[in-house]
Amino acid sequence: MSFRQQVIVALPDIAESRKFSSWLDAEGYEVLQRSTPQAAIDAVTCQPFDLLIVDSAFALTGGVRGYGLARVRETPVIVLGDAAGGRSCGPLGSQIMFLERPVDRATFICMVTMALMEARAERRSPRRAVKPIDTTVNGVPSRIVDVSREGVRLELPRVHRMLTPQFVLCAPFLGGLGVAVQRVWVRIPRPDQSLDVMWCGGQLGQNSLKAELGWRRFVDTVVSSPSASDG
């Protein structure tokens with residue numbers, strides 16, 4: 001990727017910080033680790049970043065709360081802690097998301113992608129629901145469930161959970177062309193739902209003019225089809 005979103009991980013437990021940082025690095029994010037409240041304050045006040053992941057104890061510290069979070073009011077923050085920490089962090093601001101420990105990788109990455117998606121209104125472009133269309137994502141059979149000229153929502157096998165930050169969508173309607181898509185979010189069903197699928201939203205990446213025009217023709221065709229719905 002030519003651009004890596006920057007995430008500050010401010011956690012006192014070094015092993016936990018390294019674990020989360022390795023997950024983020026594997027997903028294509030650039031990570032800055034900080035292990036003390038003062039180091040966290042210095043990072044959020046001086047370092048440009050897209051997401052702050054912070055321990056609840058740090059988030060409630062006067063400096064981090066008073067200086068850091070006030071400065072990055074429009075930047076998403078994920079607070080990690082126990083149930084009591086979640087109740088305490090509630091009033092911090094509208095961009096605060098709380099994640100209760102213990103945290104598994106799938107939930108963590110889903111929360112990160114959702115936080116970054118919500119922070120960028122341009123990523124939530126209007127789309128049109130369509131009758132599911134067979135396609136492949138990095139060679140894995142999948143289905144398109146809604147489209148726009150700028151993006152797509154997909155249903156994929158749940159086993160394909162290590163979806164790369166950028167992937168290639170291929171389908172017969174594109175005449176064999178692959179369309180580059182940048183992943184924006186991933187949603188995985190809860191364990192109690194017992195579903196074998198997951199969902200992914202993406203926006204078109206850098207494509208050739210031929211692929212771009214092919215995608216637009218496809219979108220214009222399917223959204224005007226009687227089988228398409230506004231659902």
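How many helices and strands does the secondary structure of the protein hold? The protein has seven helices and eleven strands; helices (H or I, at least four residues) and strands (E, at least two) are DSSP runs, numbered from the N terminus. The model is predicted: local features need pLDDT of at least 70, side-chain atom pairs count only at pLDDT 80 or more, and totals for chains, interfaces and linings use all residues. Residues are numbered from 1 along each chain as its sequence is written, and side-chain values use heavy atoms, with hydrogens and water left out.

**Figure 1. The whole protein.** Of the 231 residues in the protein, 46% are buried. Buried means under 20% relative accessible area, exposed over 50%, and partly exposed in between (1.4 Å probe, protein chains only). The accessible surface comes to about 11500 Å², and carbon and sulfur atoms account for 52% of this surface; the areas come from the Shrake-Rupley method with a 1.4 Å probe. Among contacts (heavy atoms within 4.5 Å) between residues at least 6 apart in sequence, 58% join residues at least 24 apart.

**Figure 2. The open sheet of five strands.** Its strand order is β2-β1-β3-β4-β5, with parallel pairing. Two strands pair if DSSP finds at least two bridges between them. At the edges are β2 (30-34) and β5 (96-100), each pairing on one side only. On average, neighbouring strands of this sheet are turned by 20° against each other, direction ignored. Strands β3 (residues 51-55) and β4 (residues 77-81) run parallel and are joined by four bridges. D55 stands opposite L80 in β4.

**Figure 3. Two helices against the sheet.** Helix α1 lies across β1 (6-10), β2, β3 and β4, and runs at about 170° to β2. Helix α2 (residues 37-46) lies across β1, β2 and β3, at about 145° to β2. Axes are lines fitted to C-alpha atoms, for helices over the stretch in contact, and angles run from 0 to 180 degrees between N-to-C directions.

**Figure 4. Aromatic pairs.** The count comes to four aromatic pairs. Rings of Phe, Tyr and Trp (its six-membered ring) pair if their centres lie within 6.5 Å; planes under 30 degrees apart count as stacked, over 60 as edge-to-face and the rest as tilted. F20 and F108 form a stacked pair, 4.6 Å centre to centre with 15° between the planes. This pair links distant parts of the chain, with F20 in helix α1 (residues 14-26) and F108 in helix α6 (residues 105-118), 88 residues apart. Both F20 and F108 are buried. The pair of W215 and F218 is tilted, because the ring centres are 5.2 Å apart and the planes lie at 55°. W215 and F218 are three residues apart in helix α7 (residues 209-223), so about one helical turn separates them. W215 is buried at 1% relative accessibility, and F218 is buried at 7%. F20, W23 and F108 form one aromatic cluster.

Figure 5. Zero disulfides are found in the whole structure; a disulfide is a pair of cysteine sulfur atoms within 2.5 Å. C110 is buried at 17% relative accessibility, whereas C170 is partly exposed at 29%.

**Figure 6. Backbone details in two loops.** R101 and P102 are joined by a cis peptide bond, with omega about 0°. P102 is found in the loop between β5 and α6. N138 is not a glycine, yet has a positive phi of about 50°. N138 is in the loop between β6 (128-137) and β7 (140-147). With a relative accessible area of 37%, N138 is partly exposed.
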